[in-house]
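Hi,

Here is the structure I said I would pass on.

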Amino acid sequence: MIEILQQYWKAFLWTDGYNITGLTMTAWLLVASCGIGFCLALPLSIARNARNPLIWFPVWFYTFLFRGTPLYVQLLLIYTGVYGFGFVQHTEALNEFFRQGLNCTILSFGLNTGAYTTEIFAGSIKETNHGEVDAALAFGMSKATLYRRVIIPSALRRALPVYSNEIILMLHATTLAFTATVPDVLKVANDAYAQTYDAFDAFGLAAMIYLCVSFTLIFMFRKAERRFLAFLQP
Amino acid sequence: MFDLAGYGPQLLKGTMTTVDLSLASLAVAFVIGLIGASAKLAKNRLLKGAATLYTTFIRGVPDLVIMLLLFYSLQIWLNDFTDWLNNSLQAIMDCPAGSSLGWPLSANASAWLAAHVTQWVNDPNGPEYALPLDPFTSGVITLGFIYGAYFTETFRGAFLAVHKGQLEAARAFGMKPGLVFRRILFPQMMRYALPGIGNNWQVILKATALVSLIGLTDVVKIAQSAGEATFRTFYFISIAGLVYLVLTVVSNGALLLLERKYSVGVRRAAL
């Protein structure tokens, strides 16, 4: 235990001397994929509630595909599958992009969490009190203003508890990155295990790190909920 | 379009492995969840604390980390255990007959134990193999252990949702706690638990893909090797994804039927 700590504490937290590794990499994966997911989900969740089937059906299909298959399969598809196409290898930009494990990981994580987040936000938008919408329309708000000023702020607030769950699940999902050679916390633990054959200590340390991050996130979301959902407190 | 390059039977077998693994893990997690929920609702402080520690730890740590931790540690623990057994066996052999080694066992019992352990350790495949710890079993143990925590939370909420008067009435009829559970608590609890069970089942189904990382030849693993062999990785991994999609849709249908069964006698507001 002490040996692993002495040798790997730096790698577990931020660097192995050459690259960014460990906790910093995990945090970056989480922030990047959740950022992409959020930006995808915001417009898609509005489209998901549209009346026109030509608009909502493609969005539904996207969330169905990405929520119905394991993230590991999606990662494999993007990391190993896409690179098999000839045109990807022969196009400079695509080749550059898909050759990096990190890019593929963030892309697949972003698409995956985007699908879940779309459903969360769409549910929340759907549950908007019709009185609020009526009032906004009575004020003469345009559709865009209605969404920008009334529906989206309230829907995002109400989605917060479920959304925080999704973020925690995404943190857990980032461990898959090590299969695409991204040096996150689990990869460092795996290296430590390969060198010492001390599985319990190596992976146990990683587990402790993830536990701390989970608790920190949960604590932060509790604070945020108390602030943004103050109007729902009994 | 739908040629599988001869990998069809293997993919089917892998799919069966995935389904088997999911169902076995579901069964283990279900039982652990029932025990955990009872422990969490128990009056005993120690039981409550242990169950709370279990659920917080598991739900705070990624499943893949727990899986690797348990998979590699279980093997080491098993090896240690068989080593220890070998040593104690040697000690029993070296002892003069009739003595009881200082264990709290009679001489007869030691002899019986020694005979059985000898037989087991002399198993031609070696003692490690006498205990089954292939990737499938490890997968069932770890997935069951992990999702047991999620089931614990699901069942805890469902137990609390059952009206207290129902249980009191059952006790008043003179039912024993086991009977109360079987006839009153469980059937009513299931209605509240089903949505949560459905969610957990979907998550377990998708989590089985991770078990291919510890060497199980499930549908993902076979799709991977088929793709590498034929240079059509995208195609074969898509097939694996399609298998999961079909499984998801089928289980959604099954859950709908179950939900209908357990909501018998509940009146819905007609809108």
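A quick definition to begin with: helices (H or I, at least four residues) and strands (E, at least two) are DSSP runs, numbered from the N terminus. This is a predicted model, where local features need pLDDT of at least 70, side-chain atom pairs count only at pLDDT 80 or more, and totals for chains, interfaces and linings use all residues. Residues are numbered from 1 along each chain as its sequence is written, while chains are lettered from A and ligands numbered from 1 in the order in which they are written.

Chain B runs α-α-α-α-α-α-α-α-α-α from the N terminus on, so by the DSSP runs that makes 10 helices and zero strands. Chain A has 11 helices and zero strands as well, and its C-alpha atoms fill a box of roughly 70 × 50 × 25 Å along the principal axes.

On burial (20 or more other C-beta atoms within 10 Å of a residue's own, with C-beta atoms placed from the backbone), chain A has 38% of its 234 residues buried, and chain B has 31% of its 271.

Now contacts, meaning C-beta atoms, placed from the backbone, within 7 Å. Counting pairs at least 6 apart in sequence, 71% of those in chain A join residues at least 24 apart; for chain B the figure is 74%.

And between the chains? The contact takes 28 residues from chain A and 30 residues from chain B. On the chain A side, α4 (71-81), α10 (185-196) and α11 (199-228) each supply at least two residues, and α11(A) gives the most, with 10 residues.

Cheers

Definitions and conventions
A residue is buried if 20 or more other C-beta atoms lie within 10 Å of its own, exposed if 12 or fewer, and partly exposed in between; C-beta atoms are placed from the backbone. Two residues are in contact if their C-beta atoms, placed from the backbone, lie within 7 Å.
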